[in-house]
Amino acid sequence: MLGSQDAKLTQGARYKNMPTEGGDDFFYPSARSLRNPIKSGWLYKYKSGTCGMCPSWRRRWVVLQGGYLFKFENKDSKKPKGLPISVTESQISIDGSESDDLRKIMRISSIAKQQLFYAEDNSEILRWLSAIQTAKNQAIKQRLGHLEIGEDDAYARRAGETLERTKLVAQQRQRAANELLLPSSAM
């Protein structure tokens, strides 16, 4: 609950859960709160099953904005599925044959993770590749101050950064808790 910080929040309904500057509050961007994206649409994301058993492709509503690729269960989702992908921190490639008969798979790789996506047709996956390259260039220019950041991109970027930071803090807390448990379990 934000309490007295409510007055500091940016105007607009989509910002009602947005953290204030320097605050520790947390918010999830909804699929509808990400407005004027570079690209949005349906993609299929690869999910390996438990212990490598029963892998599957999950249909996701994907929104590319503010230097991040957000994945949602559908267009009306209240929060993203997993962490958004920072396009500036990722390498993007297409796997597949030059032949149109075989499905092209888009591979997005970062230091921490590799994710695979495909679209209904190969031309759509190529449009996604182009859009991600455009978003990557735009985000880099914005971070360097060579391109103005619009309100919609600023919202998406802040959402992506907040989600990343929250996961990092949770991982650090988990490591600290594990270190506290380690000496007592050794006895």
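I began with helix 1 (residues 122-144), which lies across strand 1 (39-47), strand 2 (56-65), strand 3 (68-72), strand 5, strand 6 and strand 7 and runs at about 110° to strand 1. Helices (H or I, at least four residues) and strands (E, at least two) are DSSP runs numbered from the N terminus. Contact means heavy atoms within 4.5 Å; axes are lines fitted to C-alpha atoms, for helices over the stretch in contact, with angles from 0 to 180 degrees between N-to-C directions.

I noted that this is a predicted model, where local features need pLDDT of at least 70, side-chain atom pairs count only at pLDDT 80 or more, and totals for chains, interfaces and linings use all residues. Residues are numbered from 1 along each chain as its sequence is written, and side-chain values use heavy atoms, without hydrogens and water.

I found 7 strands in an open sheet, ordered 4-3-2-1-7-6-5, with antiparallel pairing (two strands pair if DSSP finds at least two bridges between them). Strand 4 (85-86) and strand 5 (91-95) are at the edges with a single partner strand each, so one side of each has no neighbour in the sheet. Strand 6 (residues 105-109) pairs antiparallel with strand 7 (residues 114-118) over 4 bridges. Ser 109 is opposite Gln 114 in strand 7.

The lining has 18 residues, and Leu 83, Ser 110, Ala 112, Lys 113 and Glu 164 lie nearest the centre. Strand 4 and helix 2 (151-186) are the elements giving two or more residues to this lining; helix 2 gives the most, with 4 residues.

Terms used. 1 Å grid on protein atoms, 1.4 Å probe; cavity = no way out; pocket = protein on both sides within 12 Å on 5 of 7 lines; lining within 4 Å.
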